Amino acid sequence: MSQAKPQVEARRGALFTLVTCVTRVTCVTGVTGLLLALSLVAAGCGGGGQPQRKQTVLATDFDDAKVGEESARGMAAEMGIVDDPVLTRYVEKIGMRMVPFAPIRPFVYKFHVVDQSAPNAFALPGGYIYISRGLLTLVNSEDELACVVGHEITHAAERHAAGRQEYMRRMNPLAMGYLRYGQIQAYGREHERDADRGGQIIASRAGYDPMGMAKFMQDLDAMTRLELGWSRLPSFFDSHPSSPERAATAAQRAQSLSWIPQPHVARTQEDFLHKLEGLVLGNDPKEGVFRGETFLHPDMNFALRFPDGWQLVNSRRAVGAIEPHGDAMISMTVAGPGDDPEAAAQLFIHGELRQARGQVTRAQSIRVGDYEAYRIEIEVGAVKTGGHLTFLAHEGMIYRIDTISRAGKVSQFEGRGRAVVRSFRGLTPEERESFKIVTLGLAKAMEGEPLAALSARSGNALDLGTTAVLNDMHIDTRLREGQLVKIGVATPYVPEAATPPEPHDVDKRSSQGGV
């Protein structure tokens, strides 16, 4: 969740167009669908509070390009793009080297590094390819990265999104559960097998070792078994089902493919690793972090506790939790600068809620500990949802905490929602000083040095198991002289200065009346 101030107009027309919005983004894989399901609480799909347009049917290449361009704008806002032009250009060069060997489409392929800690990759229609920073920290060769990029190029070039659209159109995310909805957004198994095959073929034709796909799958499997605690987000395997059989198939296929090695974009293995150096490992404190069920944000100076056992999600625009069966969602967003919760509620009522044809069934001023707050209970018949929203003032900003559930189950989750609201508080001095940011560093090994010894000598911030997985080696591996090893470098996190509030953005005078 970012501390950047959202535009007032971008906050409107969003929450209750969730079904329409998420269905429009039919091309993304599971983790992205899950993020968008939560993020769209904070901003309309397409933004700007404009009336929702009819879903574009992906019937032609032109439709793919149109929907991809629209979705890419939302992707940058919701998930964030890593601001590293050199690294992005590197990924782009790998991708563009393989595009000529993919099925011909009139797309202008674009490649991005998404600011996501979980190892993930996905493609939007029209040739928009995304690789997460978490995946980049895991790959150990340009061959592996090329095979992953080739996999996603195949999804775009074969227009797999169009093949899933009609099935997705019938899905209701709130009725069936956001987690399952996000997973269903993934391509079917046949599409995944096709993308595996296509990715290896175009990578090999571009001069990359197709065995990189099998090695990458093995690395991901090792990470999954290790159960890294960096993120609760689903990873590449949640939307790209993995099994020993699939990895074995990739290895067998690689042996059957003829390929002629070509010079890599990164001249040497050392050059490749240096391109990854400095990437954030795990959660970035500037977006807030979960510690157990408690979300803490150092820049915004608050903490909030979500229900035990719920699926926790943190995007740039919203943070929240989804009930295990998908029957309810509790989320927090930034409503905007100000110190008047009731004024912020009026903006919502006469903007977003009116557009959704919802109604307020009850409204009242309340106090949450030391904070002034305003609570409204709502119903939106069009999508058969309801719940309560609490607007709360804290240090010049208005926060909105929503508890939304299916019709008929609102009362079942009211207590949990109230408990989340009551948990809102400022950070303690100890909490503010406890945040660290861990980035990927490199350490040179000495001849025969055990991984544990290098880890201790270099001040590695990662545990030994994680270090081994990131480097595709065993814990008891003996290292070679001068071998570069990926490690974690921890430094204290210094909170950024909060955006100066602009009280006129949330003002009673700009509301259009009372409840």
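**Burial, pairing and packing in a predicted chain**

Biologist: Why does Glu287 count as buried?

Modeller: The relative accessibility of Glu287 is 11%. Buried means under 20% relative accessible area, exposed over 50%, and partly exposed in between, with a 1.4 Å probe and protein chains only. Glu287 therefore counts as buried. The model is predicted: local features need pLDDT of at least 70 and side-chain atom pairs count only at pLDDT 80 or more, whereas totals for chains, interfaces and linings use all residues. Residues are numbered from 1 along each chain as its sequence is written, and side-chain values use heavy atoms, with hydrogens and water left out.

Biologist: Where is Glu287 found, and which residues does Glu287 touch?

Modeller: Glu287 is found in the loop between helix H14 (269-276) and strand E4 (289-291). Helices (H or I, at least four residues) and strands (E, at least two) are DSSP runs, numbered from the N terminus. Not counting residues up to four places away in sequence, Glu287 touches Met1, Ser2, Phe295, His297, Asn314 and Arg316; contact here means heavy atoms within 4.5 Å.

Biologist: Why does Leu281 count as buried?

Modeller: Leu281 has 5% relative accessibility and therefore counts as buried. Leu281 also has its place in the loop between H14 and E4. The C-alpha atoms of Leu281 and Thr439 are 5.2 Å apart in space, although these residues are 158 apart in sequence.

Biologist: What makes E2 and strand E3 (residues 128-132) a pair?

Modeller: E2 and E3 pair in the antiparallel sense over 4 bridges. Two strands pair if DSSP finds at least two bridges between them, so the 4 bridges of E2 and E3 meet that requirement. Among the positions involved, Ala121 has Ile131 as its bridge partner in E3, Phe122 stands opposite Tyr130, and Ala123 stands opposite Ile129. E2 and E3 form a hairpin with 3 residues between them, and Gly126 in the turn has a positive phi of about 85°.

Biologist: How do you know that E1 and E3 pair, and in which sense?

Modeller: E1 and E3 are joined by 5 bridges, in the parallel sense. The requirement is at least two bridges, so E1 and E3 count as paired. Ile129 in E3 is the bridge partner of Phe111.

Biologist: Why are strand E1 (110-114) and strand E2 (121-124) called edge strands?

Modeller: E1 and E2 each pair on one side only. The open sheet has 3 strands in the order E1-E3-E2, with mixed pairing. Its twist averages 20° from one strand to the next.

Biologist: How do you know that E3 is mostly covered?

Modeller: In E3, 5 of its 5 residues are buried. Tyr128, Tyr130 and Ser132 lie on one side, Ile129 and Ile131 on the other, and both faces are covered. In E2, Ala121 and Ala123 point one way and Phe122 and Leu124 the other way, and all are buried. In a regular strand the side chains alternate between the two faces of the sheet.

Biologist: What makes the crossing of H4 and H6 what it is, in angle, axis separation and hand?

Modeller: Helix H4 (residues 85-98) and helix H6 (residues 142-157) pack at about 65°, with their axes 10 Å apart. Axes are lines fitted to C-alpha atoms, for helices over the stretch in contact, and angles run from 0 to 180 degrees between N-to-C directions. The crossing is right-handed; that term applies if the near helix is turned clockwise from the far one by less than a right angle, and left-handed if anticlockwise. H4 contributes Tyr90, Ile94, Gly95, Arg97 and Met98 to the contact, and H6 contributes Glu142, Leu145, Ala146, Val149, Gly150 and Ile153. H4 also lies across E1 and E3, running at about 140° to E1.

Biologist: Which residues touch the most other members of the largest nonpolar core?

Modeller: The largest nonpolar core has 54 residues, of which Met98, Tyr109, Ile131, Leu136, Leu145 and Ile153 touch the most other members. Such a core is a set of buried Ala, Val, Leu, Ile, Met, Phe, Trp, Tyr and Cys residues joined through side-chain atoms within 4.5 Å. H6 gives the most to this core, with 8 residues. Ile153 touches residues including Gly95, Met98, Phe111 and Ile129, leaving aside those up to four places away in sequence. A second, separate core of 25 residues includes Leu312, Ala321, Ala373 and Met397.
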